[in-house]
Each structure stands twice: as C-alpha cells, then as structure tokens.
Amino acid sequence: MATKVTMEALSPTMEEGRLVKWQKNEGDAIAKGDVLAEVETDKAVMELVARGAGVLRARLAAEGDTRPVGELLAVIAEKDENIDAILKKAPAVPASSASSVSSTVVPQPPASTPPSHPNGGGRARSSPLARRLASSRGLDLGTLQGTGPGGRIIRRDIDAAASTELSGAPTAAAARTAAPVVRAAGDSEDIPLTQIRKTIARRLAESNGPIPTFFLTADFDLTSVRELRAQMIAMGDEFKVSYNDILIKAIATALSQHPEVNAHWLGDSIRRHHRVHLGMAVAVEDGLITPIITDADTKRISEIARESRELAKRARERKLVPEEYTGATCTVSNLGMFGIDEFTAIINPPEVAIFAVGAVGDVPVVVDGTLAIRTRVRITMSCDHRAVDGATGARFMQTLRRLIENPLMLVF
Amino acid sequence: MARTRPPLPAPSDTSSPTKKPENSDDAALRLSLLREMLLMRRFEERAAEAYALGKIGGFCHLYIGQEAVGAGAISALRPDDYVITSYRDHGQALARGLSPRAIMSELFGRVDGVSKGKGGSMHLFDRNLNFLGGHGIVAGHIPLATGVAFAIKYRGGDQVCLCFFGEAAVNNGAFHEALNMAALWQLPVIYLVENNRYGMGTALERASSVNDIAERACSYDMPNEVVDGQDVIAVREATQRAIARARGENTPTLLEVRTYRFMGHSMSDAASGTYRSKEEVDEYMKRDPITLLRAQMEQRGEWSDEKMAAIDAEVRATVEDAWNFADESPEPSLDALTEDVYVDTTSDTGTSASAGER
Amino acid sequence: MAIVTYRDALNQALREEMQRDDRVFLMGEEVGIYQGAYKVSKGLLQEFGEMRVVDTPITELGFAGVGVGAAMVGLRPVIEFMTWNFALLALDQVVNSAAKMLYMSGGQFNIPIVFRGPNGAALQLSAQHSQAWESWLAHIPGLKVVAPGTPYDAKGLLKSAIRDDNPVMFLEGEMLYNVKGEVPESEYTIPLGKAQVKREGDHVTIISYGKMINVAQQAADLLAKDGIRAEVIDLLTLRPLDSETVAESVRKTNRAVVVEEGWEICGIGAQVVDYVQRDCFDDLDAPVLRVHQVDVPMPYAKNLERAAKPDAQKTVAAVRQVLYLE
C-alpha cells in the first residue's frame with residue numbers, strides 16, 4: 001500500500017514550504033516515523049516525517065524547491081509496487097539541479113552541491129576545530145556543506161567558506177553559503193525572499209491596510225523601578241533582571257486588569273482573553289519572530305527574565321516550536337537597545353494592540369517647578385480602533401503608569 | 001660517600017629494644033623473653049578485639065601460639081642485622097622493638113603508624129630497626145631476603161638477614177629460586193620456616209609431597225634443622241647456630257620451626273571447626289609457649305606468681321596505652337594519598353633514603 | 001660525536017655508571033661470561049668482576065626479587081631480563097615489591113633499581129617471544145617506564161635511569177641493537193619524563209616511541225614527498241608521559257596519529273589519545289588514529305608477521321586519513 005508524501009502544513013500559518021534537504025534517497029528503506037526531509041516553513045525549519053513504511057520510490061521535489069501545502073513530494077511503496085497511477089497525478093517534473101538523485105544508495109552528500117540554505121533545524125556534524133573557527137569567523141555552520149565523512153564539516157570547509165569565490169579544485173566540495181546570487185558587477189544584490197520575510201510582508205501589510213490604528217505615547221518615570229531592580233540584583237544572580245523584564249511584567253499585569261485590550265478581533269466578534277500570553281518581538285537573522293511568555297501576569301519577574309532570555313536564544317537559533325510563537329494575546333516590542341527613543345509598532349492581527357518600548361535613559365524633567373534628572377522610558381501603544389477606543393487605550397496607559405511608577409502594585 | 005639520611009617518619013614513640021642478654025642460661029634472659037612473649041600475646045588479643053570493633057579493617061593475621069618463634073629467633077640478632085617477614089608480622093615487629101603504639105596506630109590506619117597508616121597490618125616497616133616488612137604475597141619476600149644477603153656480601157659486611165615465612169610458602173617457585181641462589185652464591189641468610197601445619201585452610205600433608213620441610217634444604221645442599229617452635233630457648237639456640245654459619249661462613253640455613261597457631265589463619269577464619277578440630281587445637285594449646293617457658297623458669301626456681309602478675313599487669317598497661325594512643329592518632333591527611341609514590345631524588349642529589357651504608 | 005650502535009651506547013652507559021658509583025651492579029642471565037645474550041654487557045665482567053656482574057640461574061622471579069632486596073638496603077641494581085617476555089614471571093616482584101614498597105612503608109624504603117631488556121617483536125620469534133610490555137608496566141604507579149629508540153637516547157636515558165632513585169623499567173629492542181647513530185663522546189644524560197620533537201612539521205603530529213620511532217620517521221619521509229609535513233614526537237618516557245609536548249604540537253597541527261608496538265586495547269596509544277582529546281578538543285579537525293599491532297598473537301610466517309606489525313605504509317595511510325585525503 002503506497003504512502004503519498006505531501007507538503008504538510010507544519011505550522012498553523014503555513015501556506016507553502018521550501019524543501020531544504022532530503023534525508024533519504026530513492027531506494028532507501030523507510031520506517032514509519034523516519035525523517036524524510038527538512039522543510040522550511042514560514043517560521044522555522046521542520047522535519048517532514050514518514051507516515052508509512054516501505055521503500056522511498058520517488059522523490060518529486062529537489063532541494064531548494066518551494067511547494068504549496070498539499071502538493072505531492074514523494075512516494076513510499078513496496079519495492080515492486082506499481083506507482084504509475086500516483087506519479088501521473090504528480091505535478092511538475094522535479095527542477096533540474098545539481099543534486100544527483102539516483103536510485104542507488106548514496107550515503108554521502110554528493111561532491112558538488114547546490115546552494116544550500118540555512119539549516120537551522122538539523123544538527124550539522126563538524127569537527128571541534130571547525131566549530132571553533134566558524135564561531136570565531138561568524139560563520140553559521142548550518143550554511144555549510146561538510147566534505148568530511150558523513151558530511152562532517154571540517155577545517156577546509158570553513159576555509160573555503162571564508163573565500164567568496166568558488167574554488168576551482170576538483171575536490172572542491174567548497175561549501176556554499178546561503179543565497180546571494182550576484183547579478184551585476186556589484187552595484188546591487190537581489191536577495192530572494194525567505195519564507196519568513198514573505199510571511200512578515202504579507203501579514204503586516206494586512207495589518208496596516210485594513211486596520212484603523214491610532215497611537216498613544218507616554219513617558220514613564222522609572223525611579224522606583226530602578227530601585228526595585230537594584231534591590232533584586234543585590235539578591236543574587238538568579239534575580240538579575242532587565243528593565244524590559246520588569247516592563248513586561250507591568251504590561252502583562254495591566255492587560256490582566258484590562259481584558260478589553262487583551263483581546264482578539266475576530267471579524268464578527270471580539271474575544272477577550274482572561275489569561276495574558278505576551279508575545280515578545282525578537283530580531284532574528286533575517287526577520288523577527290515573537291516567542292510567547294505564557295501567563296506573564298502571574299509569573300515572577302525573575303521567571304520572566306529567565307524565560308525571555310531562553311526564548312530569545314532559541315529564537316535566534318531557529319529552535320522554536322510552533323506552540324512557542326503562536327497564541328499571543330498581545331505583543332511587546334522593544335527597540336531601546338538600538339537607542340530608539342520612541343517608535344510605533346504594527347499590530348499583529350488578530351491582536352488589537354501592541355506596545356513599543358523605547359530606550360531607558362536619564363533625561364531632564366520638571367519636578368515641582370524645578371529641573372531634575374530622572375530615569376524615563378517612552379512607551380507607545382498602537383490600538384485597533386475597531387476594538388479599542390481612545391479612552392479605553394488611555395485608561396490602559398493610566399493603569400500602566402500606576403504600575404510602572406509604583407512597582408509595588410505589581411505585587412498587590 | 002657519606003650521606004645524610006632524610007628525616008624518616010618517626011613514630012611518636014619509638015621504644016628501643018630491651019637489651020637482650022647473651023647467655024641462654026641467663027635468668028634475666030628468660031625473664032625478658034617471657035615478657036616479650038606476654039607482650040605479643042596481650043597485644044594480639046587486643047588486636048583481635050579491635051578488629052571485632054571495626055577499628056582494624058581488611059586482613060589481620062594473629063601470632064597467638066607462635067610467640068616463641070619470633071621472640072626466640074629475633075633475640076639472637078644484632079641491631080644491625082635485618083629481619084624480613086610475611087604478613088603475620090605483628091609479633092616479629094614487637095620482638096624487633098617497634099613500639100606497640102606505632103604498630104597499633106598502623107593497624108588502626110592512623111598517621112602515627114609505622115608506615116604512616118598506608119600499609120596496614122600486613123605492611124609493618126621500620127628502617128631504623130632494620131625491619132624490612134611485612135609482605136602480602138606468599139613467598140614473595142623470600143627472594144628479597146636473598147637480595148639483602150647479597151648486598152651484605154657485596155659490601156663485605158658481616159650482618160645477616162633473618163627471613164620468616166610459613167610452611168605453605170615452601171611449595172612456591174619463589175622459595176626455590178631464592179634458596180638456590182643463596183646456596184649457590186653463599187649468602188648470609190637464614191630462612192626460618194614457621195611451620196604451623198596449615199597454609200590457611202590446607203593442612204601441610206595435603207599441599208606438600210614431602211612433609212619434612214627441613215629436607216628441602218638438601219636440594220640446595222643447605223644446612224638445616226628441625227626446631228621445637230614452642231620452646232623459646234630452643235628457637236633462640238637454633239637461630240644462634242644459623243647466625244654463626246651466616247656471619248662467620250657466609251652459609252645460609254633452612255630452619256624448620258614447628259609451631260602452631262591457636263587462632264584461625266586470619267580474623268575471618270574460625271579457630272576450629274572447619275579444617276581443624278577443636279580437640280586438635282585444645283591439644284596443641286597444652287603446649288602454649290608461655291606456659292612452657294614458665295615451667296622452665298619454675299624448674300629453675302625463677303618463678304613467682306607475683307612477678308608474673310606484675311609483668312602481666314605492666315604488659316597489659318602497655319597494650320592499653322598503645323590502644324588509646326592509636327585511637328587518638330588522627331587519620332592521614334588527604335595529601336598523604338598521593339605522597340610517597342615516587343621520590344624525586346637521584347643518586348646525584350644524594351638524599352635518597354636508601355642511599356647510605358647500612 | 002661518534003657513530004655508535006644502540007648496543008654499544010647501552011654498554012657505554014652501563015660502564016660509565018658502574019665506574020661512577022660502586023653501588024651499581026648488573027645481574028641477569030648470561031650477562032657475565034657469555035658477555036650478554038645480546039652482547040650489551042660485553043667486557044663488563046672483565047672490568048668489574050663477579051660480584052658486580054652476576055650471572056644468574058634461569059629464575060626471573062628470583063633474581064628480580066634479589067634485586068629489589070638489595071635495593072632496599074642501599075645498592076643500585078640493574079637487573080637484565082634476557083627479553084621482557086620472560087619478565088612476566090617476575091612481575092610479582094616488579095609490581096608488588098618494587099613499585100609499591102615506598103608507598104606501603106610510608107616513605108621509608110625507596111627502590112633505586114633498573115629492570116632492562118629487549119621488548120616487543122624481533123623477526124619471526126613467534127608468539128611467546130614477541131610481546132610488547134610497555135602498557136602493562138606504564139599502568140602501575142610507582143614505576144617509571146622508558147623506551148628509547150636511538151643510540152643517543154638509549155645511552156642518555158639509561159644513565160638517568162640508573163641514577164633515578166625509583167624503579168625504572170627500561171625497554172630496549174632486539175631490532176634496535178644494531179642501529180647506528182650519533183652519540184656524544186662527552187658526558188651527557190637525558191632527563192626522564194620529557195618527550196622530544198624529533199622532526200618539526202605543521203600538517204599532522206605523529207607520536208611514537210621505542211623502535212616505532214624509526215617507523216614514524218620513515219613514514220614522515222614518505223609523506224614529505226607528497227608535500228605533507230609531519231611533526232614527529234618521540235615520547236621517550238612512557239610513565240610519566242609528557243602530554244604537554246604532545247598537546248602543544250597537536251594544537252598547532254590539528255591532527256594526530258600514534259604509532260605503537262603492542263595491541264589495541266589499553267595500549268600506550270589509547271592513553272595518548274585520551275590526553276589529546278582532553279587537552280586539544282577544540283583544536284582537533286579529525287579523530288586521533290592509532291597504528292598498532294594487529295590484535296593477534298604474533299605469527300611465525302614471515303608474511304603474516306609483517307602484516308601484523310605497524311609499518312611506514314600503515315602510518316602514511318593513517319595520516320592521509322586524518323588529512324581527509326581519501
């Protein structure tokens with residue numbers, strides 16, 4: 001009984017996927033559960049797993065091809081089973097590529113390979129030396145093809161990657177790094193869109209287009225927060241928190257008190273959430289992703305600090321699983337570390353608000369008629385007017401101010 | 001080249017051996033031998049107790065019943081002669097003059113032990129007293145004795161080396177090789193077989209094709225004697241004869257000293273009931289060496305119960321003191337774990353412990 | 001500098017040390033009248049007399065023990081095993097007496113003894129006469145183990161071994177006795193415990209010792225023809241092993257091959273690899289490979305024996321593997 005391998009929706013929002021790397025060759029024995037290929041979704045690189053057993057009879061996509069969800073990618077069947085009927089219905093002939101797809105089992109990656117793309121999901125085999133050199137030269141091992149046994153990345157692969165030209169030597173299994181297809185002599189570069197970039201473009205254009213958005217900006221005094229933070233840090237390493245961690249806690253707490261802001265626009269209704277799952281925008285190599293801190297209002301600041309660190313790290317390593325970046329009730333974005341005083345963030349539909357946090361800094365302010373220096377931060381709230389009115393938003397900012405300027409309120 | 005010896009680990013209290021009277025006919029000699037054997041007896045009894053209380057671990061081989069052999073033989077030696085023995089070494093160590101405190105500390109595994117707590121019951125050593133151990137491999141030390149005698153001859157000295165071992169060792173290859181070379185090269189060594197009739201649980205008759213051990217010496221054309229090991233004077237006199245041969249003529253001797261151990265092979269072995277019958281043990285205990293010497297002293301009118309009681313009390317007090325001292329001695333520091341694996345000297349740097357004329 | 005055979009270099013060392021210190025004596029089978037089974041002790045009986053050059057019966061255990069006993073009371077014996085194969089019988093004295101005496105006695109009795117003899121295979125001596133013992137001996141704390149591969153190293157190391165106040169296992173080689181090399185005419189010693197870079201290179205580190213150092217050098221010569229520059233390290237002392245010299249080299253070359261006599265399991269090379277993976281983990285571009293005897297008792301037939309032993313070709317192949325050249 002043949003098994004059709006199709007492009008699966010490996011993330012809730014995926015509409016198409018890019019086949020990064022086959023893990024099995026035509027003719028390989030397949031057991032149910034084996035990893036067949038690595039597929040890049042709009043968020044991360046996922047494993048495509050066999051749902052049946054047999055022999056991999058046909059591979060219908062080449063490494064690098066993009067296919068819509070539902071399209072046939074391969075066929076698993078018995079060795080002698082007739083699969084013509086299935087193949088007839090298959091879409092376009094596999095794009096020709098340098099990858100040698102043969103029916104003989106080739107355990108090693110072929111000597112000359114097509115440009116390979118970020119390989120964040122799988123673990124690249126590498127010698128300790130190669131790892132060290134890659135790290136010091138800022139090379140992503142995932143972008144390299146190893147020429148050692150079993151695809152091990154070794155020193156010469158790192159050396160080859162450092163040079164921008166393809167080596168002419170015969171054994172140049174010179175590693176190719178991701179992407180740049182040079183067109184002109186150097187005036188410009190066309191960079192093909194990665195899945196993540198396509199998704200960002202599509203979704204946030206949806207946001208700015210149909211959503212009537214207005215913005216509320218306010219300055220917050222961080223004197224008390226600064227004291228609180230200093231006290232926490234003095235308690236030990238496990239209580240080392242950042243301003244952002246404390247602000248996340250404040251925003252989450254305020255959201256728990258304002259369910260009308262902690263809501264989703266569903267088109268024909270507004271869903272108010274009783275739990276606060278706060279998305280945290282994290283810049284990754286070619287875009288951004290928002291891992292979520294669940295129940296952020298109930299978590300201790302030190303827990304938030306720990307989680308946010310961990311999630312940010314995993315996000316940058318492309319190791320997040322879908323549950324970790326879907327299902328936010330609201331989102332916070334912080335560009336303070338880039339020295340941005342204030343900015344307006346774009347709402348992630350179906351959320352109805354987003355918070356943009358600027359840089360924390362000491363500024364001159366007027367206190368009781370005199371000039372004083374205070375630590376302040378500017379936060380801008382973007383609101384979807386379909387769900388949040390001006391006063392609603394303003395009331396939220398009032399609550400937020402009370403919490404931030406009297407952080408003890410976070411405990412009560 | 002004269003060399004200074006580096007400071008040796010001195011036991012906190014090194015008692016010097018009581019001066020041994022020369023003449024076997026001497027009442028003082030008999031008294032001193034009696035005291036010696038009593039010290040061994042009371043010490044071993046307490047050691048057994050200590051073992052049962054967990055203060056001594058591992059192996060513990062007691063000398064009870066064989067006291068006359070160690071006391072008699074060692075009493076005939078000069079201080080500059082050498083003694084080397086097997087793992088049943090507590091009695092011989094005491095006879096040689098190692099302090100009860102230092103021996104008990106070694107048994108308890110404490111830093112004031114003769115080997116700093118790192119050898120244990122089977123590895124008592126004292127360089128100052130020329131007591132060369134304390135060895136655990138049956139017959140393994142017999143070639144060492146031959147080597148010591150070789151060194152004596154090499155230097156043109158007149159010391160002798162007295163080597164104790166049990167009768168089971170005589171079937172071992174090392175015994176044969178060592179005695180052959182000693183006879184071949186004419187070396188000043190005395191091989192003293194403590195024949196207590198049992199090699200652990202195996203009776204002599206079940207292990208040896210020839211039961212008269214002294215006869216083995218014929219294979220090497222070596223002088224030999226059979227000695228009643230329960231008679232301390234007989235042991236001493238036989239040893240004296242062997243010493244004269246060694247010292248004066250560079251001729252080795254094999255002494256078969258017939259004795260008996262009243263306890264099991266070691267603390268893990270029952271005194272009787274497995275390979276020895278209680279009747280047999282009781283029979284042999286009638287020839288307790290201390291009792292025998294007492295009889296001799298009584299015969300000569302040298303005995304008195306008060307004197308005996310006084311000596312016994314003094315000896316018990318010494319042993320008690322040794323116990324307390326050992327109990328209060330600290331365990332070795334963890335640094336000692338990795339010390340004394342190598343010395344970092346060479347013959348040029350000249351502070352080797354074994355450099356130097358002896 | 002004179003050109004001297006390995007055998008004569010040892011003879012010189014023995015003679016010089018016996019002249020220098022009258023506590024040094026030589027004992028073993030055929031060392032005296034026969035002039036030495038391999039003629040290493042030629043002329044010594046004549047010069048030093050019977051008490052200092054002692055012929056023994058065939059009793060390895062016995063005379064090894066005699067040596068230890070003599071060392072306990074201040075002499076400095078050099079005990080010769082006709083070959084180390086026979087020393088198996090004497091291991092009780094080597095291990096239970098010599099190695100452990102200092103420790104068991106709480107530091108009272110050190111044993112300044114040298115046990116020496118030819119180690120490892122020769123030519124068609126078959127299974128019982130071809131064993132390499134270095135890893136058995138190097139396992140034991142309390143012993144030092146030395147394996148010189150050249151006349152220069154043999155003389156300098158034997159002198160140091162005799163002067164060392166600890167038991168030293170000195171592993172020679174029947175196949176080495178005729179090897180010629182430069183030996184200074186003036187007094188010199190080589191310290192124990194220090195490895196030597198015998199040849200510099202930057203592509204790969206080849207680590208070896210004893211008679212295999214010559215195999216390593218041959219391999220390095222072959223590799224040089226292909227433009228591969230191997231750095232060759234002679235361990236010289238196997239216990240204590242100078243892992244730092246090895247590490248320094250591997251950090252430079254990023255790859256290593258060990259060439260050793262002896263079988264695979266728990267061989268000296270296994271220990272070297274352990275040190276390298278510990279000290280140079282982030283500098284390794286390839287696993288460390290070992291070239292050792294095939295895991296069989298040594299066969300008699302000439303072709304089989306050749307196939308069983310390490311050689312330059314096998315070493316070159318291992319080097320090419322760690323360089324990823326097929």
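Okay, quick definition before we look at anything: two strands pair if DSSP finds at least two bridges between them.

Now, what you're looking at is a predicted model, so local features need pLDDT of at least 70 and side-chain atom pairs count only at pLDDT 80 or more, while totals for chains, interfaces and linings use all residues. Residues are numbered from 1 along each chain as its sequence is written, and chains are lettered from A and ligands numbered from 1 in the order in which they are written.

Let's start with chain B. It has eleven helices and eight strands. Six strands make an open, parallel sheet, and the order across chain B is β2-β1-β3-β4-β8-β7. At the edges sit β2 (131-134) and β7 (224-228) of chain B, each pairing on one side only. From one strand to the next, the twist averages 15 degrees; axes here are lines fitted to C-alpha atoms, for helices over the stretch in contact, and angles run from 0 to 180 degrees between N-to-C directions.

Zooming in, β1 of chain B, residues 82-85, pairs with β2(B) over two bridges, in the parallel sense. There, B:T85 is opposite B:G134 of β2(B).

What packs on this sheet? Helix α5 of chain B, residues 142-154, does, touching β1, β2, β3 (161-166) and β4 (189-195) of chain B. Its direction makes about 170 degrees with that of β3(B). By contact I mean two residues whose C-beta atoms, placed from the backbone, lie within 7 Å.

Next, chain C and its helix α10, residues 268-279. This twelve-residue helix reaches 17 Å from first C-alpha to last, close to the 16 Å expected, the expectation being 1.5 Å times one less than the number of residues.

Which residues of α10(C) are buried? They are C:I268, C:G269, C:V272 and C:V276. Buried means 20 or more other C-beta atoms within 10 Å of the residue's own, exposed means 12 or fewer, and partly exposed is in between, with C-beta atoms placed from the backbone. Down the axis of α10(C), the buried residues fall within an arc of 95 degrees, so they line one face of the helix; the arc is that of the directions from the helix axis to the C-beta atoms. On the other side of α10(C), C:D274 and C:R278 are exposed.

Key. Helices (H or I, at least four residues) and strands (E, at least two) are DSSP runs, numbered from the N terminus.
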